[in-house]
Amino acid sequence: MDTKIIQPQDIEVAVALIQAGELVAFPTETVYGLGADATNEAAVKKVYQAKGRPSDNPLIVHVAQLKTVFEYVDNFPENAQEIVRKFWPGPLTIILPVKKDRLSPFVTGGLSTAAFRMPNNEITLRFINKVGVPLVGPSANTSGRPSPTTAQHVFHDLKGKIAGIIDGGAAEVGIESTVLDFTEKTPIILRPGAITHAQIEAVIGKVQVDKHLVEASETPKAPGMKYKHYAPDVEVQMIDATKQNWQAAIEWAHGKKLAVGVLASKTIVTKYQSEVVAVYTLTEHNQIEEAMHTLFSGLRKLDEHQPALDILFVETFAEQGLAIAYMNRLKKAAGQKFFCAQ
Ligand code: TXA
Ligand code: MG
């Protein structure tokens with residue numbers, strides 16, 4: 001199959017493809033999504049095939065209007081309505097109980113609940129409105145790879161497997177939405193993202209954090225959070241900046257004759273670039289927003305050096321506020337491995 005790169009002004013081409021039951025990737029403010037008509041079961045099945053995604057992992061239903069959510073849900077609690085009025089369109093996904101038999105089990109993973117999100121991207125909102133039905137939209141990467149933040153990343157992973165990609169430029173946020181579950185008495189954050197715990201509590205009061213985000217031994221409630229994720233081919237280790245481990249890590253790797261890559265702030269990159277094989281700047285000015293924006297694209301960029309790299313060292317940030325989401329993704333990419341001085 002020929003994968004078309006579609007410019008925003010040619011959106012009608014993308015609309016026709018979706019209506020014909022094909023897959024089209026679309027830009028959002030978080031990462032690119034792999035779109036299919038959420039009401040067309042055959043189209044939804046193709047999403048799992050194209051991504052190589054386990055079939056028990058449910059999809060997010062992307063809407064352009066709040067009223068669409070009401071068509072599908074059994075109960076839309078007041079606090080859930082309040083939070084979406086505040087943060088939609090935006091990087092927040094909510095989980096609600098759905099009406100029986102309204103959504104294919106391929107959308108919900110066979111659960112009695114579903115995930116909904118209104119992305120903050122003008123092209124994609126127009127796209128969904130023109131298609132006239134909600135779109136499923138998992139991140140448009142091959143399962144297990146870093147999520148795509150540009151149309152080129154999507155093309156790299158899915159060329160020949162999907163009909164088109166709408167090129168909306170680089171995603172601003174860079175990591176996936178916060179997932180907030182409203183199916184229990186107290187809402188629970190299942191996946192951290194750019195809308196933080198504090199921002200949510202400021203609007204609706206107390207919310208919990210899924211136990212697996214606190215203790216690695218617990219099983220996550222969002223099926224997708226249990227899989228290995230976001231990993232490039234090269235081995236990744238995290239460097240705890242507060243322990244001044246950079247020098248020790250690079251010396252250790254050199255002692256073992258390992259070819260090193262570095263994904264870190266400008267100051268670290270400048271200091272070590274002459275001693276390592278490849279570097280990529282995560283943030284110019286030590287800003288977490290910028291590090292979030294660059295994390296997945298940096299992992300992909302450095303992975304292009306394969307097989308020339310043996311190990312990739314990536315900078316950590318203290319786990320608070322936005323950095324909770326950054327560290328959640330980085331820990332998965334690194335298989336939880338921190339460099340530790342021997
Ligand atoms: O920012 C995002 O959310 C992006 C963009 C494209 O919108 N989408 C995205 O989709 O990250 P995906 O499929 O890669 O991640 C969706 C997560 C998975 O961990 C999945 O298990 C969880 O949401 N999820 C979906 N439906 C659920 C449900 N009914 N109950 C619990 N978790 C659910
Ligand atoms: Mg994903």
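This is a predicted model: local features need pLDDT of at least 70, side-chain atom pairs count only at pLDDT 80 or more; totals for chains, interfaces and linings use all residues.
Figure 1. E315 belongs to strand β15.

**Figure 2. T316 reaches a backbone oxygen.** Here we look at T316, in the loop between β15 (311-315) and α13. T316 has a relative accessibility of 9% and counts as buried. Its side chain reaches the backbone oxygen of I239 at 2.9 Å.

**Figure 3. Ligand 1 in its pocket.** Ligand 1 sits in the largest pocket. Which elements give two or more residues to the shell around ligand 1? They are β4 (60-62), β6 and β10 (188-191). Among the elements, β6 gives the most to this shell, with 4 residues. In total, 27 residues surround ligand 1, and the closest are T30, N57, H62, S177 and G224.

**Figure 4. Polar side chains that meet ligand 1.** A polar side-chain atom of H62 lies 2.7 Å from an oxygen atom of ligand 1. For T113, a polar side-chain atom lies 3.0 Å from a nitrogen atom of ligand 1. R191 places a polar side-chain atom 2.9 Å from an oxygen atom of ligand 1. How much of the accessible area of ligand 1 does the protein cover? On its own, ligand 1 has 680 Å² of accessible area, and the protein covers 97% of that.

**Figure 5. The salt bridge between E29 and R117.** A search of the whole structure finds 14 salt bridges, and this view shows one of them, with the closest N and O atoms of E29 and R117 3.0 Å apart. E29 lies in the loop between β2 (24-26) and β3 (33-37), while R117 lies in strand β6 (residues 113-117), so the pair ties together parts that are 88 residues apart in sequence. Are these two residues buried or exposed? Both E29 and R117 are buried.

**Figure 6. D303 and R145, a link between distant parts of the chain.** The side chains of D303 and R145 meet in a salt bridge, at 3.2 Å from N to O. D303 is in helix α12 (residues 288-303) and R145 is in the loop between β7 (135-136) and α7 (151-158), which puts the two partners 158 residues apart. Both D303 and R145 are buried.

Figure 7. E235 forms a salt bridge with K337, and their closest N and O atoms are 3.9 Å apart. Since E235 lies in strand β12 (residues 235-239) and K337 in the segment after α13 (323-333), the pair ties together parts that are 102 residues apart in sequence. E235 counts as partly exposed at 36% relative accessibility, and K337 is partly exposed with a relative accessible area of 37%.

Key:
Residues are numbered from 1 along each chain as its sequence is written. Chains are lettered from A and ligands numbered from 1 in the order in which they are written. Side-chain values use heavy atoms; hydrogens and water are left out. A salt bridge is a side-chain nitrogen of Lys or Arg within 4 Å of a carboxyl oxygen of Asp or Glu. Buried means under 20% relative accessible area, exposed over 50%, partly exposed in between (1.4 Å probe, protein chains only). A residue is near a molecule or strand if one of its heavy atoms lies within 4 Å of it. A polar contact is a pair of N or O atoms within 3.5 Å; within protein, one must be able to donate a hydrogen and the other to accept it, and residues adjacent in sequence count only if both atoms are side-chain atoms. Accessible areas come from the Shrake-Rupley method with a 1.4 Å probe; for residues, only the protein chains shown count as cover. On a 1 Å grid over the protein atoms alone, a cavity is a set of points where a 1.4 Å probe fits but cannot get out, and a pocket is an open set with protein on both sides within 12 Å along at least five of seven lines; lining residues have an atom within 4 Å of a point. A molecule sits in a cavity or pocket if more than half of its atoms lie within 2 Å of its grid points.
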